[in-house]
Amino acid sequence: MVDTLKKVIPESVLDALNKRGVETNSINAAVCADMTNDGELKNIYLILTDARLVFALSNSEDDMVFSGASPLRSVSSESIGEFYEYKLDRLTNPKIIDQVVGGLFVVDIDGVETWLCRFSGAKLREMRRFCKALECSITGEKPPDENEDDAVYCPKCGHPYPEKGRTVCPKCMVKRAIFFRILSFFKSYRLRIVFLFLCMMISGVLTSVSPYLTGSVLFDKVLTRDQALPEKLGIPGNFTLMLLLLVLSIAAVQLIQQFVGVIQGRLAAHLVPGVVAKIKGNVFASLQRLSIGFFTRRQTGSLMQRVNSDANEVMGFFIDGLPYLIYNIFTFAFSGIIMFTLDWRLALASFFLLPPLFYVSYRLLPRLWHAHGRRSRTVRTLYALLNDGIGGARVVKAFGQEDHENRRFSKVNDRVRDAEIQVVKYGNRFDIAYSLAREIPSLLVWSLGALLILRSSGTFKLGELITFINFLHMMQGPMHFFSSIFRWWTNSMNAAQRVFEIIDANPEIAEKENALHTDIKGGITLNNISFGYEPNKTILKNISFSVKAGEILGIVGKSGAGKSTLVNLISRLYDVDEGEIMIDGANVKDYSFTTLRGAVAMVSQETYIFIGTIAENIGYACPDASRKEIVRAAQAASAHPFICRLPDGYDTIIGAGGRELSGGERQRISIARAILADPQILVLDEATASVDTETERAIQASLEKLVRGRTTISIAHRLSTLRNADHLIVLDDGKLVESGTHAELVEKRGEYYKLLELQSKALAMRSIED
Amino acid sequence: MTETIVKNEYDVLEQQKQAVEDIISVRLITDENAVFSRTDGGFVSLTFTGEDGKTVEYNRVAVHRCFPHSDPNHYISIREPDGDGREIGLIEDLSSLSDETVNMLEEQLSLRYFTPKIIRLKNIREEYGYSYWDVVTDKGACRFTVRMGSGNVYSIGKNRYLINDLDGNRFEIPDLYEMTPREIKQLDLFI
C-alpha cells in the first residue's frame with residue numbers, strides 16, 4: 001500500500017499530513033484531484049483512513065500536468081495548505097456525477113447530498129476507484145482487487161505514453177529514426193541495393209571525370225602540345241592521334257555512364273513496387289489488427305488516404321530521391337577532390353558559399369515541415385468532406401442543398417489552396433538561396449581565373465579555368481537537386497510519421513498470451529459490467545444476467561438504452577470497463593479471437609456487403625463452404641428465391657459498384673452468412689428491422705430454425721419477434737430494470753408490460769382502422 | 001365485454017397520447033412558475049408548477065445548455081438529475097430570470113462546462129501525431145496533450161477555438177487575434 005501511495009502522494013505531503021495527525025499507515029486509499037472548488041487548477045489530496053475522509057489542498061505553485069505531458073521535476077517543497085476532514089460515520093452514498101468535462105465527487109453528509117470536490121477528465125478513473133473504496137469502507141464490503149493499470153510510462157525514458165493502450169513512446173521513437181525504420185523495409189533486397197550503390201558510385205566518378213577531360217586535358221595537354229602525355233602513352237608528337245584518343249575516351253565515359261544508368265534504372269524498377277506494396281500491406285494488416293474503437297475515432301477518408309498516398313510519398317523519396325542523393329554526393333565529392341588538387345583558390349571560390357547555404361536551409365527546414373504538415377491535414381479534411389458529400393448525395397439532393405455543399409467544399413478547398421501557396425512560398429525561398437549560391441561562385445571563378453591567368457604568366461593555364469567552369473556547370477544539377485531534396489525529405493518523413501502511427505498503434509483489445517482454444521458451448525454470464533465508449537460517458541451500468549447454453553434471451557428497451565452496445569461487448573468488439581463477461585465459466589478475455597469470433601455470429605441492423613459475388617458474401621465467415629452449403633444457408637434465410645431471380649444468380653457481384661440490393665435483401669444475405677457460420681452463440685440485433693411484414697415473417701421462420709440449439713441473444717423493438725424467448729431483460733438508460741420470462745414480466749406489470757400493452761393495443765387499433 | 005376492451009384501448013391510447021405529448025411539448029420555465037434555491041450540498045433545487053397546476057419539487061436539478069458555444073445564455077434545459085434525465089423545462093432567456101436565480105444557475109453551469117480560457121501560450125511542440133501544449137489559463141498554468149489531425153482543435157465561432165485534450169478536458173481560445181503574433185504563428189498548425 002505504501003508504495004502505491006507514494007505514487008499518488010509525494011513524501012513531503014505525507015510528512016505534512018503526519019504532522020496533522022494523518023498516520024501514513026492508517027491510509028486506506030488516496031487520490032489526487034486537480035481542481036479547487038472554484039475550478040482553479042491545483043492538487044487536492046483526498047485521503048481515506050479507517051475513520052475519516054480527509055481533504056488537503058496542496059500549496060504547490062507548479063503547472064498542472066495532464067496526461068501525455070512530461071512530468072515536472074519532482075518537487076520536494078510541496079506541502080499542504082487548507083485541510084478539512086469528515087468522520088466516515090456521517091457519510092453515505094458516495095458517487096461520481098459526470099460532467100461535460102470531468103466530474104463531481106458527491107457524498108451524502110448527514111443525509112444531505114453534497115458535492116465535495118471537482119476534478120477534470122484526467123482524474124476520472126482514479127476518482128471512480130477512490131469513490132468505490134469509500135463506498136466499501138462505509139458499507140463494510142471488501143474492496144475489489146486493485147488491478148494494476150496498464151503500463152503508463154515508457155520504461156526507457158520515463159516519459160508517459162500519450163495515450164492509453166498505445167505503448168509507443170514518442171520521445172524514444174524519434175531516436176529510433178524513422179529513416180532507418182523505412183530502410184528496414186528494403187532488407188530483403190540487399191543484393192540489389194549493393195549493386196545499385198555500386199552503379200551510383202561508378203556514375204558519380206565518371207561524371208566528375210569528363211569536365212577534367214574536356215577542360216585541362218584538352219586545352220592544356222593536347223592543344224598546347226604538351227610533350228609529356230603522348231610520350232607516356234608511347235605516341236610521341238602525334239597530337240592528332242592524341243586528340244582522337246581523347247575524343248574516344250570522352251565517348252567511352254559517356255557510353256559507360258549511360259549503360260550504368262540503364263542498369264540502375266532496371267534495378268530500381270524492380271525494387272520500387274515491391275517495397276511500396278510491402279509498406280501498404282503492412283499498414284493494411286495493422287489496420288485489420290486494430291480494434292473497432294480506432295476506426296470510430298478517425299475519419300474513414302483520412303485513413304484511406306494514409307494507406308494509399310502516404311506509402312507512395314514515403315517511397316517517392318526513397319526510390320527517386322535517395323539514390324540520386326548518393327549519386328550527387330559522390331559527384332560532388334570527386335569533383336571537389338579534383339578541383340582542390342587543381343587549384344585551391346578557385347576551389348575555395350566555388351565552395352565558400354556552401355556552409356551559409358546549409359545553415360539557411362537548416363533554419364528554413366522546420367517552417368517547411370510545418371507547411372507540409374498543414375497541407376496534408378487540409379487535404380485530409382478535403383478527402384473526408386468529399387466522402388461526406390458523395391456518400392450523402394441522396395440527402396443532399398433530397399433537401400436541395402447542393403449550393404450549401406458547394407460552399408462547404410469551397411471553404412475547405414480554399415484552405416487547401418492557401419496551405420499549398422504557403423508550401424510554394426517557403427519552397428521559393430529555398431530556390432532563391434540556392435540560385436544565389438550557384439551564380440555568385442560562377443562569377444567569382446570567371447573573374448578570379450582570368451586574373452590568375454593574367455598575373456601568374458603560365459603557371460595557371462586556360463584549360464584549368466575551363467575545367468573549373470565545366471565543373472561549376474556540371475554541379476548545377478546536383479545543387480538544384482540538393483535544394484529540392486530538403487523539400488522531398490520533409491514531405492516523405494511527414495508521410496512516414498503518419499504511416500508508422502498506424503503501424504505502431506496497439507489494438508486496445510488484445511488477445512491474451514495463452515489464450516484458450518476450445519469449443520464453446522454458449523453459456524453466458526455477465527457480472528456487474530459497466531461500459532462507456534468515452535471515459536466520462538457510461539453507457540451501461542452494473543448489468544448482470546446469465547443465459548444458459550441453448551437458451552434464447554430477448555433484450556428489450558427504448559432506442560439508446562444500450563442494447564446494441566451490450567451485444568458488442570459479448571463478442572468483444574470492446575472491452576468492459578468494470579465487471580466481467582463469462583462464457584462457459586471463463587472470462588471472454590481468456591479466449592483466443594478465433595475461438596470467440598468463431599463461436600459468436602452477429603446479424604445486426606447495419607448489414608455490410610463486401611465487394612464480391614453473393615456466394616462469396618454468404619461464405620464470408622467460412623471460405624471453404626461448398627456450393628451446396630451456401631444454397632442451403634440461403635434457403636434457410638429465405639434469400640434463395642430473390643437470388644435465383646437475378647440474372648447472374650449466386651454469381652451476381654454486389655457491394656460497392658455492384659448490383660444494388662434492397663435493405664431486406666441485404667439483411668437476408670447477412671442472415672445466410674450467420675447460418676452458414678453455424679455459431680454456438682447467435683446475436684440478432686434488430687435483424688428484421690428493415691424488411692416488410694411479409695419478409696419479416698419469412699425471416700422469422702428461418703430464424704426460428706436457426707436459433708434451435710444455439711444460445712441466442714435477440715434485440716428487437718417489435719416484441720412479437722421475441723415471443724419464443726426463454727428469458728427477457730429490459731434495459732433503460734443503460735441499466736437493467738427488469739428481467740424474467742414473458743409471463744413473469746407481464747405478471748409484474750412493470751416496464752415490459754407497459755411496452756407490450758402499448759404495442760399490442762396500437763396494433764389492434766390499427767387493424768380496427770383498417 | 002367488447003365495451004371494456006374498447007374502453008381499455010381508449011385508455012391506453014390516451015396514455016400513449018399523453019406520453020407522446022410529454023416528449024414533444026416544450027415547457028418553458030419562468031420566474032412565475034419556478035422557484036430555484038441553493039441546497040446545502042452546493043446544488044440547486046427547484047419547485048416547479050406545471051401547466052396543469054400541479055407543483056413538483058426536485059431536490060436537485062441538472063442544468064444543461066442547448067447551445068453551449070453559440071448561445072450560452074439562451075435555451076437552458078433544466079432536467080431531472082438521475083435516470084433518463086427527463087427535461088423538466090426550458091429557460092428561453094437566462095437574463096429574464098431574477099439575478100439571484102441567474103447566479104445560482106451559472107454556478108451549476110460552470111461546474112458542468114469546465115473550460116479554462118487560454119490567456120498565454122508558452123509553447124506548442126508537435127511530435128508523432130501529438131501536440132504538447134504548455135499554457136497559462138485563467139484557471140492556472142498547465143500542460144496537456146492533444147491528438148493531431150482528428151478535429152481536436154476546432155472553431156466554435158468567429159476566431160474562437162476549442163481544444164480537446166487526451167483526457168477529454170477542454171480549453172478555449174476566446175479570440176485568436178487577441179494573442180501575440182508569435183502565439184498565433186504557433187497555432188498556425190491547427191487553424
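This is a predicted model: local features need pLDDT of at least 70, side-chain atom pairs count only at pLDDT 80 or more; totals for chains, interfaces and linings use all residues.
Residues are numbered from 1 along each chain as its sequence is written, chains are lettered from A and ligands numbered from 1 in the order in which they are written, and side-chain values use heavy atoms, with hydrogens and water left out.

Chain A contains 24 helices and 20 strands. Chain B contains 3 helices and 12 strands. These elements are DSSP runs numbered from the N terminus, helices being H or I with at least four residues and strands being E with at least two. Of the 770 residues in chain A, 48% are buried. In chain B, which has 191 residues, the buried share is 43%. Buried means under 20% relative accessible area, exposed means over 50%, and partly exposed lies in between (1.4 Å probe, protein chains only).

The accessible surface of chain A is about 39000 Å². Carbon and sulfur atoms account for 56% of that surface. For chain B, the accessible surface is about 9900 Å², with 49% belonging to carbon and sulfur atoms. Areas come from the Shrake-Rupley method with a 1.4 Å probe; for residues, only the protein chains shown count as cover.

Contacts were also examined by separation in sequence. A contact means heavy atoms within 4.5 Å. In chain A, contacts between residues at least 6 apart in sequence were considered, and 69% of them join residues at least 24 apart. For chain B, the corresponding share is 34%, again among contacts between residues at least 6 apart and counting those at least 24 apart.

Over all chains, 24 salt bridges were found. A salt bridge is a side-chain nitrogen of Lys or Arg within 4 Å of a carboxyl oxygen of Asp or Glu. In chain A, one salt bridge links D343(A) to R345(A), with an N to O distance of 3.0 Å. D343(A) is buried at 7% relative accessibility. R345(A) is partly exposed at 38%.

In chain B, R79(B) pairs with E87(B) in a salt bridge, and their closest N and O atoms are 3.7 Å apart. R79(B) is partly exposed, with 24% relative accessibility. Another salt bridge joins D134(B) and R143(B), where the closest N and O atoms lie 3.9 Å apart. D134(B) is buried at 17% relative accessibility. Shared partners join the salt bridges of D63(A), K122(B), D134(B) and R143(B) into one network.

The structure holds 0 disulfides over all chains. A disulfide is a pair of cysteine sulfur atoms within 2.5 Å. C136(A) is in no disulfide, and the nearest cysteine sulfur, that of C131(A), is 9.7 Å away. C136(A) is buried, with a relative accessible area of 4%. C644(A) is partly exposed at 45%.

A search of the whole structure gave 7 cavities of 30 Å³ or more. On a 1 Å grid over the protein atoms alone, a cavity is a set of points where a 1.4 Å probe fits but cannot get out. Grid points are joined across faces, edges and corners, and a volume is the space filled by probe spheres set on the points. The largest cavity has a volume of about 170 Å³. Its lining consists of 17 residues, each with an atom within 4 Å of a point. L684(A), Q700(A), L703(A), S714(A) and T721(A) lie nearest the centre of the largest cavity. In chain A, α22 (693-707) and β18 (711-715) each supply at least two residues of this lining. The largest share, 4 residues, comes from α22(A).

Two residues of chain A were examined individually. T24(A) sits in the loop between α2 (11-19) and β1 (27-35) of chain A. T24(A) is buried, with a relative accessible area of 18%. Leaving aside residues up to four places away in sequence, T24(A) touches L5(A), L14(A) and N18(A). S12(A) is placed in helix α2 of chain A. S12(A) is buried at 19% relative accessibility. S12(A) and E78(A) are 66 residues apart in sequence, yet their C-alpha atoms are 6.1 Å apart in space.

Methods. On a 1 Å grid over the protein atoms alone, a cavity is a set of points where a 1.4 Å probe fits but cannot get out, and a pocket is an open set with protein on both sides within 12 Å along at least five of seven lines; lining residues have an atom within 4 Å of a point.
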